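Dear colleague,

Please find below the structure that I am handing over to you. My notes on its interfaces follow directly after it.

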Amino acid sequence: MAELILEVKNLVRTFGRRRAIDDISFTLERGSVLGLVGQNGAGKTTLIKHILGLLRAENGSVRVFGLDPVADPPGVLSRIGYLSEEGDLPLWMKVEELVRYSAAFYPGWDPKYAEELQKQFGLSSDSKLGALSKGQRARAGLLCALAFKPELLLLDEPSSGLDPVVRRDILSAVIRTIADEGRTVLFSSHLLAEVEQVSDRVIMIDGGRIVLNDDLSNIKEAYFRIDIRFEANQEVPPTLPGSIHWEGKGKDWTVIWAGDQSALTSAVCALKGRILTNRGVSLDEIFVAYAGGCTQ
Amino acid sequence: MNSGMTVLSLMVHRFKKAYLFFSIYMGVLVLLGLTPRSWVPEPLSAVLCLPFGLGLLMTVFGFVNFEADIASTASAYSPWLLRLPIKTRELALWPILAAATWGSLSWVIFAVLFVRPRGLDAPVWWPALMFMALALSMQAILWRPVKRGNIRLIFTMLLSTTIMLFGYIATQMQVRQGVICAIYAAIAVPSAAIAWWSLTLARTSTAGGIRSATDVKETIKVQQQTNFFKSPMAAQIWLEWRRQGKLLPLLTGLGFLAISLPMAAWQDKHIIGYTGKGQAILANIWLTTAFQFLPYIPLLFATVIGMGARVSDIRGTDGNYHLYYATRPLKSQDMVRAKMIAIAMGVAITALLTAVVMILWVSMPVTLSDGTIMTYFKATFARTFEREQWVAIAMIVVLFTAWTWRNQSVGAFVDYMPSREFAMLYPIAVTFIGVLAFTLFRTYNSELRDPKYAQAWSAVMAIALVIKIGSAIVIARKQIRLRPSSKSDILTTFAYWQGAGIVAAISVGLIVNWMHQDGTPSYMFHPTPEIMALMLVPLVRPLSSRLALELGRHR
């Protein structure tokens with residue numbers, strides 16, 4: 001069995017009366033790429049902040065490399081490369097100062113690799129971070145997150161609001177990190193096509209709970225989009241075991257469905273309907289299905 | 001409502017609590033002004049005046065729309081307002097008129113309806129124009145995007161101090177009120193025009209304005225990365241030096257420059273004493289008057305910085321820690337330690353700078369009545385000071401340096417506070433408590449010097465000390481509960497406090513003793529000054545800074 005990099009057990013976190021994280025448990029093994037998806041406010045950033053030790057677990061536990069990130073911040077943070085959506089970098093620093101300052105904290109900092117990334121990203125040493133565009137700042141943050149070849153790369157909505165060129169840079173960085181043997185990535189994003197492109201496992205969070213946690217290949221095999229025509233008009237979405245999301249009106253309905261295909265036909269027949277088309281779905285469609293509820 | 005009024009209402013809305021409290025406060029003052037003088041004792045009237053200055057500055061700065069760090073390069077005018085499809089005339093005119101009216105009218109109401117009916121003397125017109133000039137000049141400076149934020153920070157501090165001090169100094173020099181008013185008006189009118197122009201620049205310029213983020217084109221220069229820090233601690237000390245440490249020597253240096261300049265312009269001499277041979281010693285008035293204030297300049301700046309006057313970049317607008325700072329792989333106690341070291345470096349450089357400037361000042365020439373020229377030092381200190389006095393002076397210098405470090409280092413507490421609101425309230429509360437304590441000491445001055453009250457004063461101070469130690473223990477226990485590994489750091493802090501407290505108590509005790517022997521009546525009787533020295537050595541806030549960092553970094 002591969003070494004566990006991350007272990008979250010029964011994690012609970014409330015803000016006031018709202019449960020931001022509601023009894024979440026999962027593990028992440030060395031060398032895997034986990035895509036974390038969910039709507040705004042679903043609890044992704046809260047979960048990542050627990051992994052970084054920025055939030056204390058109210059209930060349950062978080063272990064990163066077997067360590068408690070709150071009890072031992074240097075032990076955990078020195079092995080994590082982190083890039084956030086907000087790109088909170090000290091805007092008064094120059095790129096060169098940021099690189100020198102960041103390098104001091106990581107024994108594995110590779111100056112040659114940092115220089116290579118700086119050239120690739122077009123970051124001038126004497127540029128002040130405050131004067132850079134959002135995309136360039138994201139690249140500077142990415143440089144700091146990658147240059148010490150972290151054991152765990154944690155990306156929290158890194159592409160949000162960025163142009164396609166910067167998104168490509170981030171994505172290729174993730175791919176390159178994956179190529180390095182033994183590196184692990186946790187990648188939170190709204191851009192599900194990107195998650196689909198790089199992840200080998202996906203966790204979907206909704207309302208602070210995990211609604212889907214599986215290998216991407218299993219997900220693709222288990223989920224379908226099915227167009228059904230019923231004999232009579234349906235006022236409300238029919239009850240079909242395994243259905244996640246219905247769309248349609250009258251006799252024609254479309255369902256996102258998960259389960260065993262052999263049971264599907266008989267279940268639809270029992271509802272006096274027939275399957276018109278049956279095809280696989282994208283992660284995007286599954287996400288909308290879980291997040292969106294029924295649409296008539 | 002026209003667009004200008006909408007802009008104005010948005011500005012007021014951002015600080016609506018401040019405007020509300022200030023309006024209520026002014027209303028209370030006006031009502032008290034209508035009551036007979038005997039109803040409100042004079043010390044209470046004086047205490048009631050204290051929030052005025054801070055309240056007025058806060059509310060006036062609302063019209064400057066002060067969002068940005070002064071040291072940043074961007075315009076302090078709200079960027080989203082700059083992007084709205086509103087004419088620049090509307091964006092500029094109404095806030096300019098509001099700042100000018102609010103600043104001046106508040107003073108007129110305060111002086112005419114409260115201060116004067118209380119029997120206190122206060123000029124009406126020049127301070128009103130001073131507040132107007134101050135508000136408009138701040139709009140002129142802060143609305144303009146600049147290339148170097150640090151220069152704006154320095155310029156803002158120098159200009160605001162000069163504007164505020166000018167009226168006072170001019171009245172001391174018997175300059176006519178009309179002239180002072182005319183000078184302030186001469187600052188205010190062009191300031192308004194510059195503010196308008198600055199806003200136009202902020203909307204169109206690429207230099208730190210709203211277009212800078214997308215328009216900046218630069219040549220890519222990638223330097224070979226060398227000169228890495230030896231350790232994470234060294235990097236953190238560098239960070240804190242850049243963020244806070246260097247500010248004190250920089251401001252003090254400029255302060256010394258500003259206070260030294262009038263010496264060149266003001267050539268009047270006066271007699272400061274006589275030599276043993278009966279010859280009059282003639283010295284520059286500014287030299288002898290301002291010299292005594294030199295040691296207070298670093299202390300003043302350290303206090304202002306220590307209150308968190310500069311907006312902390314450790315917190316975001318929501319009060320949460322900036323993720324980059326919070327995710328440094330460093331223990332929280334090392335973060336605090338790095339800050340303390342950076343501040344100590346700044347204070348040490350400042351102390352050296354102060355010593356050099358004071359030596360330069362005492363080396364200035366003075367003239368004897370027979371035309372002989374000698375240094376100020378030789379003519380005064382070298383001639384009259386005994387050994388004990390030099391020892392006492394040396395101890396005062398050490399205490400002043402320690403006090404400067406203390407006042408700035410307690411600022412760590414504000415910097416780490418995970419609540420932006422508390423951080424904003426802290427300087428107001430500290431100023432209020434400080435001035436209140438000072439007023440009470442002034443009011444009960446004779447009782448402090450009366451031997452029959454000595455025991456009572458000691459008891460009051462001892463109770464305050466017990467409360468301080470008790471609070472420190474409560475904070476320490478909470479910190480240890482959250483992070484058991486910080487126990488040794490907490491114990492070290494207590495040990496430092498004890499050690500520094502003992503040194504401070506002995507030093508203050510010796511100084512008080514020396515003053516008594518010198519013939520100067522003792523201000524307080526032992527052990528009150530010793531307990532006060534123990535009180536002044538920081539303990540609760542250094543512990544709170546650890547707790548604040550712990551709570552902010554691991555919420």
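A salt bridge is taken here as a side-chain nitrogen of Lys or Arg within 4 Å of a carboxyl oxygen of Asp or Glu. Under that rule, Arg242(B) is bridged to Glu97(A), with 2.6 Å between the closest N and O atoms.

Please note that this is a predicted model, in which local features need pLDDT of at least 70 and side-chain atom pairs count only at pLDDT 80 or more, while totals for chains, interfaces and linings use all residues. Residues are numbered from 1 along each chain as its sequence is written, chains are lettered from A and ligands numbered from 1 in the order in which they are written, and side-chain values use heavy atoms, with hydrogens and water left out.

The interface between the chains

Chain A contributes 47 residues and chain B 40 residues to their contact, where contact means heavy atoms within 4.5 Å. About 3900 Å² is buried between chain A and chain B, and carbon and sulfur atoms give 58% of this area; buried area is the accessible area (1.4 Å probe) that two parts lose on being put together, summed over both. Of the area that chain A buries against chain B, 18% is supplied by Arg56(A), Trp92(A) and Tyr101(A), more than by any other three residues.

Between chain A and chain B there are two salt bridges. The count of residue pairs in polar contact between these chains is 13 (both at pLDDT 80 or more). A polar contact is a pair of N or O atoms within 3.5 Å; within protein, one must be able to donate a hydrogen and the other to accept it, and residues adjacent in sequence count only if both atoms are side-chain atoms.

The domains of chain B

An automatic or database domain assignment provides the domain bounds. Chain B comprises domain 1 (3-213) and domain 2 (241-262 + 294-366 + 387-553). Their contact takes 13 residues from domain 1 and 17 residues from domain 2. The C-alpha centres of the two domains of chain B are 30 Å apart.

Domain 1 and domain 2 of chain B bury about 1300 Å² between them, with 85% of it from carbon and sulfur atoms. Across this domain interface, the rule finds zero salt bridges. Zero residue pairs in polar contact are found there as well (both at pLDDT 80 or more).

With kind regards
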